[in-house]
Amino acid sequence: MNTPKAASHSAADKPEKTHIRLGFVALSDAAPLAAAKILEFGHSHGLTLELCRQASWAAVRDKLLSGEIDAAHALYGLVYGVQLGIGGPQGDMAVLMVLNRNGQAITLSNPLAEAFNQSGNLKQALASLGRPPVFAQTFPTGTHAMWLYYWLAAQGVHPLRDIRSIVIPPPQMVDALAEGQLDGLCVGEPWNAVAEARQAGRTVAVTSEIWPNHPEKVLASRRDFVALYPNTARALVQTMLEACRWLDSPAHRADISTWLAAPELIGVPRELIAPRLLGDYDVVQFPKRPLPVSFFDEGAVNYPRPSDGLWFLTQYRRWGLLSGDHDDAAIASAISQTTMYREAAALADVRVPDEIRADTLIDGRIWDGRDPAAYLDGFAVRA
Amino acid sequence: MLRVLLVTDTDKPIGDLRQALARLGYDMLAEVATPAALAKVVEEQRPDVVIIDTESPSRDTLEQLAVMNETAPRPVLMFSNDGDQQLIHAAVSAGVSAYLVEGLEAARLAPILEVALARFAREVQLRKRLAEAENELADRKLIDRAKRLLMDRRKMSESEAYATLRKRAMDQGVKLAEVARQLVSMTDLLG
């Protein structure tokens with residue numbers, strides 16, 4: 001269809017690169033990529049998408065850096081970890097947009113969940129194990145590590161001293177929990193739902209309780225990719241915004257669950273993917289319905305707000321992953337592709353939310369990005 | 001002597017490197033195949049080099065160890081210009097990832113990666129040949145189906161059907177299998 005908007009596109013706006021290889025990891029929040037590919041939202045913007053499933057976040061990073069993939073569904077924190085070269089190769093990275101908020105959870109082994117639910121005190125429940133508890137998360141600088149550490153610290157448990165945290169790939173976490181090698185884990189869906197279905201553990205917290213509407217996965221790429229192919233990057237953001245908008249309807253989330261269940265995407269039965277994608281959690285554990293995963297919410301989800309990224313830097317400093325005087329605010333604003341995002345959002349007719357957003361986290365502290373140094377100084381539990 | 005750990009959790013035969021590397025005089029630790037075992041071995045036995053499939057899901061386990069523990073092997077930087085790093089880049093494209101402790105000279109790593117590289121280059125060749133054979137078989141099945149469609153619906157003989165497909169392929173300048181694919185998918189569409 002030749003809409004006026006499409007007609008106004010001059011040759012100068014055409015994508016410089018039309019075939020885009022998109023990396024993703026087998027998680028429910030890869031839904032926008034699946035929707036964009038299955039419904040070919042890219043075609044009307046001159047893009048052909050190719051989805052490339054990755055077995056690890058390390059592979060996502062390496063392939064982004066080597067150019068084998070152009071962009072990826074990535075943990076917010078992975079982008080910052082690579083930018084800073086924490087524990088691995090360094091590269092100048094870009095966050096093109098936020099793909100989703102919320103939708104991750106913390107699962108405890110059955111005995112630990114029972115002890116926790118009875119006493120309501122995590123510290124006591126952990127002490128009942130009589131040995132150092134072992135928790136799994138997904139990547140050292142990733143979101144799940146930060147949600148887990150924040151949640152533990154807010155309850156007086158030191159994440160670096162009182163527990164041992166290891167990284168286990170999500171599909172293997174449930175096995176490790178079932179075999180008694182883990183006492184708890186923090187991971188994206190559907191893996192918490194899978195753990196419950198296999199009766200290996202109970203979901204005791206969802207991440208929107210830690211930080212309501214926290215940033216989670218982003219559309220990540222190298223900064224030189226954005227510089228070399230600005231029209232492609234903008235067209236890709238437009239495409240993904242349309243996919244995110246499509247996912248706002250419950251009927252579409254039900255549809256995408258069926259597709260995500262396919263072996264080449266997640267390979268987990270639809271019944272384990274759909275409920276939590278639709279926001280249905282166990283009513284006994286969660287009498288008040290928690291904020292579910294959000295992909296669009298009238299555009300409130302997707303703006304790559306630099307202060308969201310800055311939060312991860314405060315946590316890296318808190319846990320000793322980052323030290324020295326980097327200009328954290330400058331790092332976050334160089335990564336966040338706000339100008340390009342605004343152009344794409346205007347073309348896709350998506351509202352851009354306010355620059356400042358203030359949220360109260362689980363420990364009662366308010367994060368609005370205005371004074372990161374004071375926010376960091378206010379933490380009693382730290383490395 | 002360098003202590004080398006092989007992680008064998010994908011179907012690529014990394015374990016086969018063991019003997020070749022042992023012959024070169026490396027101290028080969030017992031290989032591991034699960035992320036939990038990997039974490040334990042790296043912490044307790046402190047290998048100098050970990051060789052792991054690039055597509056292994058356990059790679060993130062090593063990333064965590066590299067960040068949390070200064071003596072744990074770190075992922076190799078693949079994007080430098082010097083010769084040894086090129087070798088490492090080649091190893092990675094062949095499907096091998098290496099993690100090594102900081103300060104280990106690349107020269108000492110080179111023979112390990114050469115062996116891994118040779119092994120995996122051969123593996124890649126074999127896989128390619130297998131994939132080609134599979135494609136060929138699929139193409140042949142498709143052409144047979146297209147022939148049968150023409151024979152059923154247009155009452156052609158087998159050789160007429162084949163000649164028709166071949167003529168079309170030559171006229172259009174595409175592969176015979178492609179013509180067959182078009183015919184079959186159009187027929188599926190029309191029912």
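**Reading strands, helices and chain contacts**

Reply: Let us begin with a pair of residues: in this predicted model, B:Val7 stands opposite B:Ile52 of strand S3(B).

Me: In which sense do strand S1 and strand S3 of chain B pair, parallel or antiparallel?

Reply: In general, the strands of a sheet pair through backbone hydrogen bonds, in either a parallel or an antiparallel way. Here, S1 (residues 3-7) and S3 (residues 49-53) of chain B are parallel, and four bridges join them.

Me: What is the order of the strands in the open sheet of chain B?

Reply: The five strands follow the order S2-S1-S3-S5-S4, and their pairing is mixed. Strand S2 (27-28) and strand S4 (74-75) of chain B stand at the edges; each has a single partner strand, so one side of each has no neighbour in the sheet.

Me: Let us turn to helices. At what angle do helix H2 and helix H13 of chain A pack?

Reply: The angle between H2 (residues 31-38) and H13 (residues 250-260) of chain A is about 90°, and their axes are 10 Å apart. An angle from 65 to 115 degrees counts as roughly perpendicular, and H2(A) is therefore roughly perpendicular to H13(A).

Me: Which residues make this contact between H2(A) and H13(A)?

Reply: H2(A) contributes A:Ala31, A:Ala34, A:Ala35 and A:Ile38, while H13(A) contributes A:Ile256, A:Trp259 and A:Leu260. Seven residues of this contact are nonpolar, with no polar and no charged ones.

Me: How many residues of chain A are in contact with chain B?

Reply: On the side of chain A there are 24 residues, in contact with 21 residues of chain B. Helix H3 (57-66), strand S7 (164-167) and helix H8 (170-178) of chain A are the elements that each give two or more residues to that side. H3(A) gives the most, with six residues. By type, the side of chain A that touches chain B has 16 nonpolar residues, seven polar and one charged.

Me: How may chain A be described as a whole?

Reply: Chain A has 18 helices and twelve strands. For its 383 residues, a compact globule would have a radius of gyration near 21 Å; the value for chain A is 20 Å, which agrees. Along the principal axes, its C-alpha atoms fill a box of roughly 70 × 50 × 35 Å.

Me: What percentage of the residues in chain A is buried?

Reply: Buried residues account for 56% of the 383 residues. As for contacts in chain A between residues at least 6 apart in sequence, 79% join residues at least 24 apart.

Note on methods: Residues numbered from 1 in each chain as written. Chains lettered and ligands numbered in written order. Predicted model: local features only at pLDDT ≥ 70, side-chain atom pairs only at ≥ 80, totals over all residues. Axes fitted to C-alpha atoms, helices over the stretch in contact; angles between N-to-C directions. Parallel < 35°, antiparallel > 145°, perpendicular 65-115°, else oblique. Contact = placed C-beta atoms within 7 Å. Nonpolar A, V, L, I, M, F, W, Y, C, P; charged D, E, K, R; others polar. Pairing = 2+ DSSP bridges. Rg over C-alpha atoms; globule rule 2.2 N^0.38 Å. Buried ≥ 20, exposed ≤ 12 C-beta atoms within 10 Å, placed from the backbone.
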